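Visitor: Hi! I've got a structure to look through and I'm new to this. Can you walk me through it?
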Amino acid sequence: MPAQIYAVPTDTCIGIGCKLDDREGYKMIYELKWRDKNKPLAILVPSWEDLMYESVLTPTQVNFLRTYKFPFTVVCEIREDFRDEYPMLDEYNYKTVGFRVGEACLPAESLPYIRSPFFLTSANKSGEEECHTIDEVNDVFRDNLTSLKILPGQAGNQPSSNVIQFIWTTNELKYIRKNYPLR
């Protein structure tokens, strides 16, 4: 099966991703971005329910995230049965992952295309500025456009998401990257 890379508009920028079972797409993302192979990709899940199933977050923590006011990526462990469903996660040593939630970060017109979990990262070459428009994506990846499917919707034009992690089973947060203030 040939690789299929998606350009995904998010609340912060345009991301590129592939389905969790697309080995060729996964490798291609690293090649396209010139990304260090030791730097894992985030996982975009379609819904809050998917986040509950695929992570070890508690219902209280997921409810906290539903009301979190800023773009976020939450880092946590992956549930064992989810890893069993997607063996690539173990092959590439994913024990913890940064999760993004489609219902929270995608425009409504893109949501129908995200029916299963995706690997996701920003659409840019490593170390360069993120892309916020399809024209920028086309410019950065002009040599690889045949494998890129562009999802509908507008990307946000704001800083990268806060990267957060809950402390144990509490709602207390540890910030790994903080681009937005608490209010």
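Visitor: Let's start with strand S4. Is it mostly covered or uncovered?

Guide: Mostly covered. This is a predicted model, and in it five of the six residues of S4 (residues 72-77) are buried.

Visitor: Which way does S4 run relative to strand S8?

Guide: S4 and S8 (residues 162-166) run parallel, and three bridges join them. To spot the pairing on screen, find Thr73, which stands opposite Val163 in S8.

Visitor: And how does S4 pair with strand S5?

Guide: In the antiparallel sense, over four bridges, with S5 covering residues 96-101. Look for Val74, whose bridge partner in S5 is Phe99.

Visitor: What does the side chain of Arg100 make a polar contact with?

Guide: With the side chain of Asp11, at 2.8 Å. Leaving aside neighbours within four places in sequence, Arg100 is also in contact with a list of residues including Thr10, Ile43, Val45, Phe72, Cys105 and Ser161.

Visitor: OK, new topic. Where's Glu91, and what does its side chain touch?

Guide: Glu91 lies in helix H5 (residues 88-91). Its side chain makes a polar contact of 2.4 Å with the side chain of Arg23.

Visitor: Let's do helices. Which residues of H3 are buried?

Guide: In H3 (residues 59-66), they include Gln61, Val62 and Leu65. Seen down the axis of H3, the buried residues fall within an arc of 100 degrees, so they line one face of the helix.

Visitor: What does that face pack against?

Guide: The buried residues of H3 pack against helix H2 (48-54), S4 and S8.

Visitor: What caps the N-terminal end of H1?

Guide: Asp22 does. One of its side-chain oxygens lies 3.3 Å from the backbone nitrogen of Glu24.

Visitor: Back to Tyr26 and Tyr30. How are those two rings arranged?

Guide: They form a tilted aromatic pair, 5.1 Å centre to centre with 55 degrees between the planes. Both lie in H1 (residues 23-33), four residues apart, which is about one turn of the helix. Tyr26 counts as buried because its relative accessibility is 4%, and Tyr30 is buried at 4% as well.

Visitor: How many aromatic pairs are there?

Guide: The count comes to 14. Ring pairs also link Trp48, Phe64, Tyr68, Phe70, Phe72, Phe166 and Tyr180 into a cluster.

Visitor: What lies over the face of Trp34?

Guide: Lys125, at 4.2 Å from the ring centre. There's another arrangement of that kind at Tyr175, where Lys178 lies over the ring face, 4.8 Å from the centre.

Visitor: Where does Trp34 sit?

Guide: In the loop between H1 and strand S3 (42-45). Trp34 is exposed, with a relative accessible area of 59%. Just after H1, Trp34 takes a positive phi of about 60 degrees.

Visitor: What about Trp168, what's its phi?

Guide: Positive again, about 55 degrees, although Trp168 is not a glycine. You'll find Trp168 in the loop between S8 and strand S9 (173-177).

Visitor: Buried or exposed?

Guide: Exposed. Trp168 has a relative accessible area of 78%.

Definitions and conventions. Residues are numbered from 1 along each chain as its sequence is written. This is a predicted model: local features need pLDDT of at least 70, side-chain atom pairs count only at pLDDT 80 or more; totals for chains, interfaces and linings use all residues. Side-chain values use heavy atoms; hydrogens and water are left out. Buried means under 20% relative accessible area, exposed over 50%, partly exposed in between (1.4 Å probe, protein chains only). Helices (H or I, at least four residues) and strands (E, at least two) are DSSP runs, numbered from the N terminus. Two strands pair if DSSP finds at least two bridges between them. A polar contact is a pair of N or O atoms within 3.5 Å; within protein, one must be able to donate a hydrogen and the other to accept it, and residues adjacent in sequence count only if both atoms are side-chain atoms. Contact means heavy atoms within 4.5 Å. The arc is that of the directions from the helix axis to the C-beta atoms. Rings of Phe, Tyr and Trp (its six-membered ring) pair if their centres lie within 6.5 Å; planes under 30 degrees apart count as stacked, over 60 as edge-to-face and the rest as tilted. A charge sits over a ring if NZ of Lys or CZ of Arg is within 6 Å of the ring centre and within 35 degrees of the ring normal.
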